[in-house]
Amino acid sequence: MRLTLRLNGDRVRAFHVALAERLSRLPGVELAVDARPAPGGVPRSAEALFQLETLIHRLPANGTAKRVPLSTLASHARPSGPADLTIDLVGDVEPQGRRVWRLAYDGVCGEEALLALILAGRTPFVRLEQNGATVSEGRLGTEYHGIALASFQDMLARTAGLIIAAVNGAARSSLPVLPEPLSEAPAPALPSATKLGVRAAKATARRIVQQIYHLCYNAPHWRVGWRKTGGRDLYELRAHPQSGWRDLADDGSRFYADPFPVLYRGQVTLFVEDYIHRTGKAILSAVAFGPSGPMGTPKPVLELPYHLSYPFVFERDGEMWMVPESSANRTVDLYRATAFPGSWVKEATLLSDIVASDATLIEHGGRWWMFATVRDGGGAFSDQLHLWSGPDFRGPWTPHPKNPLLIDIASARPAGHMVSRNGQLLRPVQDCRRSYGAALGIARVTQLDESGFEQVVETILNPGAGWAGRKLHTLNEAGGLEFIDGSAMAPRWKRTQIQDPMPTAGGEKT
């Protein structure tokens, strides 16, 4: 296939070079780049904001938004004849009988449209279309809300992933339905140079405040909530219970998150991410629960040289198994309990050389399925869903032919065990549109097979009167007990049991 990539030659970025290289490596693709200059583009005042943010937030200088010379694309010649497909990133290619895919953010072409949405605090809706018909679409996200450059780079990287998937034939033409309709207001205009200057000044002030804040607070400090369901869980209530939630106490020197309970031999045991502020790294801990709550404090059960979280535990073949998140090691590993709950041995590496978040397994339709969000080629950790399937939970695991199955910051990332209710498969998901782990969605899976995956998000639960704090992130239950988690801020001077009070770097959860 002869493919032409149309971009603005006056605004060439590392993103364009990486995209061109990935397209040229696709089997059967003969790539040419049309880099004629075009009007528009991110103004110089925004580039100045990027430079300032690079300094004050210590961002790498070689990200996807880095401006590079046009000569960097010299290996990809100008098109010498009609292309079988043109991917238009500028919005100035007239179809005239040709096959043209036009890229737009909230209906507006050009990278300046993406930046305008970011600066307005909106969730960009990216769409590839051909003559008005959708080829592929996604909701873009970032873990760096409030930092324009980092957000811009995350979303450029994920845009590249969407384009590659579309060319590979793995594009999806619709996104999951959400309870709240997206705003139909037109995309905002890019702020003026004056407003961008004001934003730069505010960014500097905000960074100073953040530094002072981090000296005084553990930021963030997550917490786990629990309750007795009384036979009615959140899947039935679709709202916070009137009885509220009880907190799993911590000593202030650490936080607990990612609660995964399991009922094993008549006893509920809760596994959690145990993040120690002093070390800036998490281990996995567990505590037994009785009729009145936790029977003691969580005790370490698995510690490795790298960060661990999301202890996905399950019972099979009379034994207990766990798939913890180990994206910091670029693996997805399977562990077996040798002395439950406190001793675990690694049985297998299910996936390797991959940054996969929150791997979640389910047996469905005679096969095992694994869900995880993948940070492929940069971008956010939470907006790109991949699936694998296998005959057994031990593997071998085969990637779904249509990966990535979903690009959606509102419903891609797993949030706990999937459950079956009345013959329907329900999936808890993270809604990260406002920020990482900001809200909890409940999605009904309508398709899960080798042909594809579809879901409808039926409910979104937010923090508020029923669950104080800034986040609502995970949902699991076992033995009549239900658990969630979220975050707040905890003063450092309350950390009475810390031996070393020095402030440390933040962990994975933000």
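Predicted model: local features only at pLDDT ≥ 70, side-chain atom pairs only at ≥ 80, totals over all residues.
Residues are numbered from 1 along each chain as its sequence is written, and side-chain values use heavy atoms, with hydrogens and water left out.

**Exercise 1.** Determine how the rings of Tyr264 and Phe340 are arranged.

*Solution.* Rings of Phe, Tyr and Trp (its six-membered ring) pair if their centres lie within 6.5 Å, and planes under 30 degrees apart count as stacked, over 60 as edge-to-face and the rest as tilted. This rule gives 17 aromatic pairs. For Tyr264 and Phe340 the centres are 4.8 Å apart and the planes make 65 degrees, so the pair is edge-to-face. Tyr264 belongs to strand S9 (residues 254–264), whereas Phe340 lies in the loop between strand S16 (331–339) and strand S17 (343–352), 76 residues apart; strands are DSSP runs (E, at least two residues), as helices are (H or I, at least four), numbered from the N terminus.

**Exercise 2.** Describe how helix H2 meets helix H4.

*Solution.* The axes, which are lines fitted to C-alpha atoms over the stretch in contact, with angles running from 0 to 180 degrees between N-to-C directions, come within 8 Å for H2 (residues 44–56) and H4 (residues 148–167) and cross at roughly 105 degrees. H2 is therefore roughly perpendicular to H4, a term for angles of 65 to 115 degrees. Contact (heavy atoms within 4.5 Å) involves Leu49, Phe50, Glu53 and Thr54 of H2, together with Ala148, Leu149 and Phe152 of H4.

Notes. Parallel < 35°, antiparallel > 145°, perpendicular 65-115°, else oblique.
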